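Trainee: I have a structure to read and some questions to ask. Could we go through it together?

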Amino acid sequence: MIPSNLDPSLVPQGARHVAATRHLLSRRGFIGRVAGGAGVLVGASLIRPGAVIAAPLKKNATPKPIPGGFEAGGIVFHTYSLGRDQEPSVITDFNGFVGVAQVQGTGTATNPDGSTETLLYDTDMRFMKGVYVGQDERMHQGTFSFI
Amino acid sequence: MPYPDGLFWTVPVSADAVSVQPDAGRARMRVTDQAILDYFDIPNALFHFEDPVSEDATCSFDIRWSGPVTDRYHLTDRDVGFTGHFVLPKASMTWSAHNAGGFSFASDPSPTTSVFALLGRMRNGVFLEG
């Protein structure tokens, strides 16, 4: 679910997120939290791996991103949207199992003031499990979650 | 580069977090208390311009892929650079998260709707021609 107040250029075509459908403008965070992209976005909170991505891995074992992806603001983000004919992996030089799940449902959000509300969510979650050539150009075995 | 080394919204998890039987259309991914960052909104998640840019957070989820398998196919896309055998089953999940600012979310036990689900065995990059 993509809110009408979000710049469409920031939303990868076909991608989905956990989305709030109530009180979208009641807090700063609600506005963008229902945006597109990839991964999981829940009601009042867009929760992303971000900078912690490679923390448990040694730098040289970190996988390399796929070369393609979607572009926003002049930056290529190395993932494709969901779809039967789309590349599901975000890791290149990869040989293994993949899984993709776009699931919708409802949930309960609890705000810092203790108030609660029912929200809809829409997720794009994936896994990649197999062998890959890391940034050190060596082969590794690993399991990764696209959140 | 908005993410370390360009890898997009992806974290390493333990090998036993994922079990998969793609031919049967079955798989499960279970992760508990995964450390992540809450970027508040999509534009900030992509470009990191808010102050503070993020809050510490954790999430837990349990995703199950199961039948019926509605399609099985082989796909090779040499323009994008991948090939694989894929099946289209259904998926369901439970999901929860909380951030350091006091916000939390937990999915309801009510049934979820599987909009799109895929399992497969694939290769890309240097493995494409393997």
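Trainee: Which residues does A:Ala101 touch, not counting residues up to four places away in sequence?

Mentor: Two residues are in contact if their C-beta atoms, placed from the backbone, lie within 7 Å. Residues up to four places away in sequence are not counted here. By that rule, A:Ala101 touches A:Thr123, A:Met125, B:Ile63, B:Trp65, B:Ala91, B:Met93 and B:Ala117.

Trainee: Before we go on, what kind of model is this, and how are the parts numbered?

Mentor: Residues are numbered from 1 along each chain as its sequence is written, while chains are lettered from A and ligands numbered from 1 in the order in which they are written. Local features need pLDDT of at least 70, side-chain atom pairs count only at pLDDT 80 or more, and totals for chains, interfaces and linings use all residues, since the model is predicted.

Trainee: Which residues have the most contacts inside the largest nonpolar core?

Mentor: A nonpolar core is a set of buried Ala, Val, Leu, Ile, Met, Phe, Trp, Tyr and Cys residues joined through C-beta atoms within 7 Å. Buried means that 20 or more other C-beta atoms lie within 10 Å of a residue's own; exposed means 12 or fewer, and partly exposed is in between, with C-beta atoms placed from the backbone. The largest core has 58 residues, and those with the most contacts inside it are A:Ala101 and B:Met93.

Trainee: Which strand of chain B gives the most to this core?

Mentor: Helices (H or I, at least four residues) and strands (E, at least two) are DSSP runs, numbered from the N terminus. The top contributor spans residues 82–99 and gives eight residues. It is strand S5 of chain B.

Trainee: What pattern does chain B follow along the sequence?

Mentor: Chain B has one helix and seven strands. Read along the sequence, the pattern is β-β-β-α-β-β-β-β.

Trainee: How many bridges join S3(B) to strand S4 of chain B?

Mentor: S4 covers residues 55–77 and runs antiparallel to S3(B). B:Ile36 stands opposite B:Ala57 in S4(B). The number of bridges is ten.

Trainee: Is B:Asp33 buried or exposed, and why?

Mentor: B:Asp33 is found in strand S3 of chain B. Its phi is positive, about 50 degrees, although B:Asp33 is not a glycine. Because B:Asp33 has 10 C-beta neighbours inside 10 Å, it counts as exposed.

Trainee: Is A:Thr62 buried or exposed, and why?

Mentor: A:Thr62 sits in the loop between strand S2 (45–48) and strand S3 (70–72) of chain A. Because A:Thr62 has 23 C-beta neighbours inside 10 Å, it counts as buried.

Trainee: What is omega for the peptide bond joining B:Gly67 and B:Pro68?

Mentor: B:Pro68 is placed in strand S4 of chain B. The bond is cis, and omega is about 5 degrees.

Trainee: Where in chain A is confidence lowest?

Mentor: pLDDT is the predictor's confidence in each residue, from 0 to 100. Chain A averages 70. Strand S7 (residues 125–133) of chain A is highest, at 97. The lowest, at a mean of 28, is helix H1 (residues 28–33) of chain A.

Conventions: Two strands pair if DSSP finds at least two bridges between them.
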